[in-house]
Amino acid sequence: MFKTATVVVVLLSTAKAVFVSSFLAPQQSPRFVVSVFSARSNVERRESVRNNWAEAKFLPGYAKLNFVICSASTDLLTENLLREADAHGDIQLMDCTEGNGRKQLTRKLILSLEAFAANYDNVRTAFIKIEDDTFVPWHRLRTFLRETPKVTTSYMGVLHDAGHPVNRNTESLWYQPPEDYPEEHYPAYMARHGYVLGGELVRLIVQDGIAKSNVLSNEDQALGVWVDKVAQSKKAEVAFVNLAFGQGNIKEDAAYQGNWTNYPYLFDHGLKPDFSICLARVDAQPELHKGQVQTCSANSMFLVVFSAWGNTERRDASRTMMKQANPVPGRFVAKFALCRGSGESQRKLEEEADKHSDLLFLDCQEGYTRTLLTLKLLAAMSAYAKNYSQYSLFMKVDDDTFIHWKRLRSQIATLDDADSAYIGLLGGPEGMAVNRNESDVWYQPRDTYPNDTLPRYMEGGTGYMLGRGLVTRILNEGIAESNMLSNEDQAMGVWVDVLRQRGSQVNFLDLPGTDGYRPQFDVCFGKWKDYPYVLHHHLDPSTISCLAEVSRLDNEEYGFDGCFSSCSDSTAQFLAHKLHAMSTETQETVSILEATSKSLDSMYKKMVWLHDSTVDQRDHTPYPEVAASVMNRTEELALETRRTISRLTDASRELMKEYEDAANNQSQEQPPLKAQLLQGKSHVVRGRSNEPFAPEEKEHQKKAPDATDVIFVHIPKNAGTAIEEAGASVGVWWPRKWLSFWHGLQMPDGSLCEKYHVPPSHLQSIQDDDWKVFNGKDTFCVTRSPFQRIVSEYRYMLSVSWGSSMSQLYQTGLYDEEPCTEAGLNHFAMQALSRVKEGRKYVHDCHLVPQTEFIWGEDGHQWCRHILRSSDLPGAFNTLMEDTDLKARLLNYRENNTTEKCPGLSVASLSPEVAKLIREIYSEDFLRLGYDPDEVDDYTPVGQNAAALEAAKKEAAVKDVTAQKAAAPEAAAQEGAANEPTATEAASEAVSQAPTA
């Protein structure tokens with residue numbers, strides 16, 4: 001049991017406050033308690049550990065995190081530490097002295113173990129110690145501990161084998177005096193960066209006084225000695241478990257270059273905070289598990305968007321765009337840079353800052369002229385260096401720039417040396433002349449920049465990136481202050497060039513982009529795969545929002561024509577320019593061809609004369625045949641030339657006429673795509689139609705005229721039949737009642753499934769038109785615990801006449817053991833789940849397909865929008881029907897109402913081996929649907945609860961009779977069709993899960 005403990009404040013005569021203990025009592029004994037060894041000044045490290053812990057989202061009471069900090073009784077606690085302790089409730093202050101050697105860490109560990117033993121007397125609670133710069137994938141560690149036998153007496157970590165020599169160097173921080181430890185070698189011990197100690201071992205070490213009797217200089221070696229003494233006492237059989245451990249060597253360790261499945265470490269020391277939070281999110285989110293760890297080790301970015309006080313609409317559009325920036329959260333942060341104002345303008349900005357938390361106020365003056373933008377850039381770089389230097393790249397753009405995030409990420413993912421990177425759209429060739437026009441806003445005085453030409457630089461408005469190393473040197477060496485150019489982007493180019501001249505490595509990378517100042521030459525229509533830019537500057541807010549929406553849809557076949565309201569104008573300007581150029585070129589070509597034609601005519605006449613004058617003297621002509629051939633070819637060329645002239649002239653006239661007609665008839669109305677995208681009607685991107693559905697979709701709607709817009713996604717073994725019948729009883733027909741769904745489909749593994757049992761995403765993948773039934777609809781579905789689902793499947797198969805033949809077909813052993821016994825249930829479950837693990841997940845009419853596959857597709861599309869739990873029925877279903885104005889109701893529904901078969905079986909009957917397999921196969925169901933993977937814990941045979949079970953059956957039977965008398969006739973009809981367990985079985989399940997005395 002957990003012993004309640006509180007935070008105690010002791011007031012001394014000197015008015016100094018000391019926290020004696022800060023364990024907060026959860027509702028139950030946690031599975032493990034983590035003591036993070038930290039120091040007062042390590043605030044950022046603690047925040048990083050908290051962020052990683054928060055990503056794990058453990059169920060309340062499952063685990064506990066404490067930061068252990070030494071604070072001697074005479075210390076005056078700082079105000080910041082008190083505030084931190086009050087804010088988080090996870091600071092555990094110990095009466096000790098911080099330090100690494102000479103027993104300091106050992107005493108800190110002893111106090112931590114004593115506090116643990118005093119507050120947790122359940123030996124199943126494990127003690128974990130890490131340092132505040134150690135990363136732990138908590139979900140993976142939790143799974144490992146759950147599947148490891150004898151955790152209560154386990155000693156886990158990075159193993160140092162027995163025989164390590166004792167340090168007798170008196171000058172060493174880790175010197176071990178012989179009087180404290182006379183042996184010359186240590187027993188096996190775990191490295192100090194992270195280890196796990198079973199609760200029983202902690203109890204023996206503390207209660208038997210082993211720790212206090214053996215206070216060694218080195219904390220991890222001391223713990224190894226303590227555990228060895230427990231083992232020698234024969235009071236516990238110690239299990240040593242060696243764990244994979246990382247050293248944060250990202251560039252040389254191949255583990256950081258693969259995917260998450262191959263990432264081997266349970267403790268990883270020395271990772272940067274942005275890398276560790278990224279790994280924590282991958283660990284916690286199953287949809288990211290297939291991703292590359294390299295994504296986390298790739299370059300992170302701090303983006304500063306230059307904005308002005310009144311540009312609220314632009315900032316909102318940019319925020320829409322930013323949502324596509326971060327596939328693995330923690331790698332990117334964006335701030336809008338604004339010079340600090342005053343009065344009403346500043347008040348409105350502060351309200352906006354409170355709402356969005358993305359404004360960065362700088363001490364500068366807004367404006368474009370004479371170094372103002374350059375000074376603003378310098379202030380932004382200083383803010384980055386001071387507060388955001390954990391991000392490896394600094395990026396600056398204007399608030400009228402669209403960023404194609406997917407392509408940008410691919411561009412920077414392969415950077416070998418981000419510290420020396422200078423990335424963007426090249427603004428001009430090296431050697432471009434400096435602006436000396438005093439009347440120009442970008443005039444550059446010679447006294448601030450005496451050179452006549454500029455080095456290479458990246459366009460400022462379009463955007464550029466700079467590596468952290470380059471930013472740091474520019475600031476630390478005063479390069480910016482010494483080269484304060486009028487133009488901000490040219491100034492950056494000069495600063496980088498100064499670094500290059502001083503010997504710094506600078507890697508230039510030119511990105512596809514446009515400054516947008518000549519839109520007639522920019523691409524503004526076509527399919528998304530043909531959109532060429534990474535950076536697109538000088539766009540209005542609605543265009544940025546529209547492009548961001550097209551980017552979010554992430555379909556290369558979507559058109560983006562309508563995002564540019566001026567596309568027709570700019571295209572017309574482009575065509576006018578090109579047609580004019582083509583007309584000139586055509587006229588020049590025609591002139592050349594006409595001259596060629598005249599020359600050919602002259603040559604032809606001469607050939608005719610030569611031929612005629614020698615016709616009577618053939619024998620004296622050297623080459624009469626050659627002359628005739630040349631004459632014929634000359635005539636052919638002359639004819640072809642005249643035809644070419646005619647074609648070019650006609651084509652030029654037709655092009656000019658088409659352009660003039662288009663210009664005269666051009667509509668000033670905004671194309672519909674942008675407006676509808678901004679209203680959230682993203683379906684119009686699929687084609688050029690302004691209609692809600694493409695023609696083939698409209699035709700499909702006619703297939704089921706009686707269907708409702710509220711569609712039920714039928715997940716097998718989750719009350720599906722009961723819900724379908726409830727709808728049909730009031731004339732609401734869901735897909736299981738449609739003829740188009742009433743047939744079998746052969747699945748990829750060779751199994752056969754009724755179509756209404758097939759996930760919508762699979763219907764889409766095989767191009768079955770009925771996938772559209774679930775697309776864009778107000779869909780709902782029902783889920784249940786994976787443990788309950790497998791028990792329900794066993795009882796259901798025993799209750800139907802064709803259960804035996806289906807089990808024989810898929811070799812799931814339904815009748816291999818005596819039916820309705822624990823042995824029978826577990827044998828069937830093991831056989832069926834083994835088929836799924838082998839790759840045949842569609843066996844048994846798709847009854848064993850993970851529930852998440854019905855809800856989410858591999859592309860992230862969510863097919864079921866309203867996810868109900870079977871435990872919340874009938875209330876959740878009836879409420880949804882009321883909210884959607886449908887008359888269907890579940891009356892007298894009970895969650896476990898499959899059949900009267902096997903009333904004594906429940907999830908408590910599942911063996912540990914089966915439970916482990918269920919956790920493995922349905923890991924995403926547990927994580928994404930929020931079911932407790934520890935619902936099945938200790939294996940308690942049902943027979944031990946026989947008396948309680950029998951009493952519950954009788955009570956439930958009485959309730960059944962009462963309910964049947966009170967139920968309406970239609971309820972009785974529903975109950976007969978539902979084919980779900982009765983209330984008697986529900987009570988049986990509850991009792992069988994109850995702990996025994």
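This is a predicted model: local features need pLDDT of at least 70, side-chain atom pairs count only at pLDDT 80 or more; totals for chains, interfaces and linings use all residues.
**The chain as a whole**

The protein chain has 997 residues, and 51% of them are buried. Its secondary structure comes to 33 helices and 31 strands. Among contacts with a separation of 6 or more, 73% are between residues 24 or more positions apart. The accessible surface is about 46500 Å², and carbon and sulfur atoms contribute 50% of that area.

Which strands pair with β6? One is β3 (residues 32-37), which runs parallel to β6 and is joined to it by 6 bridges. Within that pairing, Val33 has Phe127 as its bridge partner. Another is β11 (residues 189-197), which pairs with β6 in the antiparallel sense over 4 bridges. There, Ile128 stands opposite Val196.

Lys335 sits in strand β16, which covers residues 332-339.

The lysine side chain does reach a backbone atom: the oxygen of Ser357, at 2.9 Å. Leaving aside residues up to four places away in sequence, Lys335 touches Phe302, Leu303, Val304 and Val305, then Ser357, Asp358, Leu359 and Leu360, and also Tyr388.

**Salt bridges**

Side chains of opposite charge can pair when their charged atoms come close. The count of salt bridges in this model comes to 45. Three of them are set out below.

| Salt bridge | N to O distance |
|---|---|
| Arg50 and Asp90 | 2.7 Å |
| Glu55 and Arg281 | 3.0 Å |
| Glu344 and Arg347 | 2.4 Å |

Let us take Arg50 and Asp90, whose side chains meet at 2.7 Å. This pair links distant parts of the chain: Arg50 lies in helix α1 (residues 43-56) and Asp90 in the loop between α2 (79-88) and β5 (91-94), 40 residues apart. Arg50 counts as buried because its relative accessibility is 9%, and Asp90 is buried too, with a relative accessible area of 6%.

Glu55 also belongs to helix α1, and its partner Arg281 is in helix α7 (residues 273-284), 226 residues away. Glu55 is buried at 13% relative accessibility, and Arg281 is buried with a relative accessible area of 17%.

Where do Glu344 and Arg347 sit relative to each other? They are 3 residues apart in helix α10 (residues 343-356), so about one helical turn separates them. Glu344 counts as partly exposed at 43% relative accessibility, and Arg347 counts as partly exposed at 36%. Elsewhere, salt bridges that share partners join Arg46, Glu47, Arg50, Glu84 and Asp90 into one network.

Notes: Residues are numbered from 1 along each chain as its sequence is written. Side-chain values use heavy atoms; hydrogens and water are left out. Helices (H or I, at least four residues) and strands (E, at least two) are DSSP runs, numbered from the N terminus. A polar contact is a pair of N or O atoms within 3.5 Å; within protein, one must be able to donate a hydrogen and the other to accept it, and residues adjacent in sequence count only if both atoms are side-chain atoms. Contact means heavy atoms within 4.5 Å. Two strands pair if DSSP finds at least two bridges between them. Buried means under 20% relative accessible area, exposed over 50%, partly exposed in between (1.4 Å probe, protein chains only). Accessible areas come from the Shrake-Rupley method with a 1.4 Å probe; for residues, only the protein chains shown count as cover. A salt bridge is a side-chain nitrogen of Lys or Arg within 4 Å of a carboxyl oxygen of Asp or Glu.
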